[in-house]
Amino acid sequence: MAEETNAATGGAADAARGAADAAQGPGMPQLDFSTYANQIFWLLVTLVVLYFVLSRIALPRIAAILAERKGTITNDLAAAEDLKAKAAEAEEAYNKALADARAEAHKIIADAKAEIQADLDEATEKADAEIAAKAAESEKRIEEIRASAMESVKEVARDTAQEVVSALGFKADEKAVTDAVDKRLKG
Amino acid sequence: MEFHPMDQFIVTPLFGDGPVGMFTITNVTLWMALTVIAVVALLVLGTSKRATVPGHMQSVAELAYGFVYKMVEDVAGKDGVKFFPYIMTLFLFIVFANFLGLVPTAFTVTSHIAVTGVLALMVFLTVTVLGFVKNGAKFLELFWVSSAPLALRPVLAVIELISYFVRPVSHSVRLMGNMMAGHAVMKVFAGFSQVAVIAPVSILAVTAMYGLEVLVAFIQAYVFTILTCVYLKDALHPSH
């Protein structure tokens, strides 16, 4: 059959084809047992090569990649959870600081108010005292003026009385006049 | 231009045209090598950056890994996970061979019963040996349906036994038949396209078939893999 095929050239190709077909019986190359050894041999070679490539290199590598990815994702999730907790903590701290600051501010305001009140009270007291002193002084002055005025009135009255007595032709007794004037003024 | 729809499945030497011996480098060798290269490109080169945030290639590689891993875990159980590399090898080989077979003028290695038969037999033998090693004689409980009435059990045992031994046949022929039929049908429609009158219809049909075959390429790889997982589960936990 091989000789026949080899002998077939050019225009005899159809004849060769016919010979090949004849050699393969009913036209199913799958049933040509003469090629089985060849196919099985190469199949086994292929499977062994594939098996070694897969089991030694490819599959462990992919398994490692997948495991690593799983680890990374787990770690990232844990880190995210951690950061979330930290954020909550920070918020709490912030709120606490805010509350503290508010309390502090209230305290400062209260202190300032108290201080101002104290200053104000002191100033008011001082002013009151000053006013009282001034009023007392004024009163004293008024008293003095009143006293001096009374003295002047006494003097004028005495002089006038003496003059009136002497004008009437009497010898005016100075002492008696003074007593009479004093008596009258008191009365 | 004359061609036969089954010509695409002929195993031919890549260099010269002598007889196909056991170690001859043939189109089978070429397309299996391309399968290996595709798998290496996706799963080894695609993941070489080991990025925590994956790129396109790495995403697909991780997706394939997760897809098969979950399948093994869900179907075969936790103790099936140690067979994950074997099942991943099977799945990737089949899915890439199927997809590469869809490249125009490609040779589809999974359309050959010699290939799928070996794959299925390997699964069958592994699972059977594993079943006996793991469970001893208890593995035979797989054939003794304890939930059925006692009188029916021998009959069911015979049926179960037959179905057990038919597994590798259905397992392999399903894959090979799907791949062969789809590719052959596409070639038949392609042949029709040489006739001017029906060419538009036949080209449309080839296009539609191609879309369907893309689907089938993945589904058959998936079916082969999940059945492997089911058989593995039977071996690990034989009681019904």
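Predicted model: local features only at pLDDT ≥ 70, side-chain atom pairs only at ≥ 80, totals over all residues.
Q: Which residues make the contact between α3(A) and α2(B)?
A: From α3(A) come A:L59, A:I62, A:I65 and A:L66, and from α2(B) come B:A61, B:E62 and B:Y65. Sorted by type, the residues of this contact are 6 nonpolar, no polar and 1 charged.

Q: Where do α2(B) and α3(B) meet, and what kinds of residue are involved?
A: On α2(B) the residues are B:V68, B:Y69 and B:V72, and on α3(B) they are B:F84, B:I87, B:M88 and B:F91. This contact divides into 7 nonpolar, no polar and no charged residues.

Q: What is B:I87 in contact with, beyond its neighbours within four places in sequence?
A: Its partners are B:V68, B:V72, B:T225, B:T228 and B:C229. Two residues named in the helix contact, B:V68 and B:V72 of α2(B), are on that list.

Q: Which residues of the largest nonpolar core touch the most other members?
A: That core holds 57 residues, and the ones touching the most other members are B:V68, B:I87, B:M88, B:F91, B:L92 and B:I94. Several helices each supply at least two residues: α3 (36-167) of chain A, together with α1 (27-45), α2 (56-76), α3 (84-101), α4 (113-135), α5 (153-192) and α6 (199-236) of chain B. The largest share, 12 residues, comes from α3(B). As a general background, nonpolar side chains in soluble globular proteins tend to be buried together.

Q: How do you know whether B:A114 is buried or exposed?
A: Count the other C-beta atoms within 10 Å: B:A114 has 23. The cut-off for a buried residue is 20 or more, so B:A114 is buried.

Q: Where is B:A114, and what is it in contact with beyond its neighbours within four places in sequence?
A: B:A114 lies in helix α4 of chain B. Its contacts are A:Y36, A:Q39 and A:I40. Within chain B, the C-alpha atoms of B:A114 and B:M176 are separated by 9.1 Å, although the two residues are 62 apart along the chain.

Q: How many residues does each chain give to the contact between the chains?
A: Chain A gives 35 residues and chain B gives 40. On the side of chain A that touches chain B, the elements giving two or more residues are α1 (2-7) and α3 of chain A. The largest share of that side, 26 residues, comes from α3(A). By type, the residues on that side are 21 nonpolar, 11 polar and 3 charged.

Q: Why does B:R50 count as exposed?
A: B:R50 has 12, so B:R50 counts as exposed. Its place is in the loop between α1 and α2 of chain B. Phi of B:R50 is near 50°, a positive value in a residue other than glycine.

Q: What makes B:T105 count as exposed or buried?
A: B:T105 has 5 C-beta neighbours inside 10 Å; the exposed class takes 12 or fewer, so B:T105 counts as exposed. B:T105 sits in the loop between α3 and α4 of chain B, and its phi, near 70°, is a positive value in a residue other than glycine.

Q: How many helices and strands are there in chain B?
A: Chain B has 6 helices and 0 strands, and its elements run α-α-α-α-α-α from the N terminus on. Of its 240 residues, 35% count as buried. Among contacts in chain B between residues at least 6 apart in sequence, 64% join residues at least 24 apart. Taken along the principal axes, the C-alpha atoms of chain B fill a box of roughly 65 × 50 × 40 Å.

Conventions
Residues numbered from 1 in each chain as written. Chains lettered and ligands numbered in written order. Core = buried A, V, L, I, M, F, W, Y, C linked by C-beta atoms within 7 Å. Contact = placed C-beta atoms within 7 Å. Nonpolar A, V, L, I, M, F, W, Y, C, P; charged D, E, K, R; others polar.
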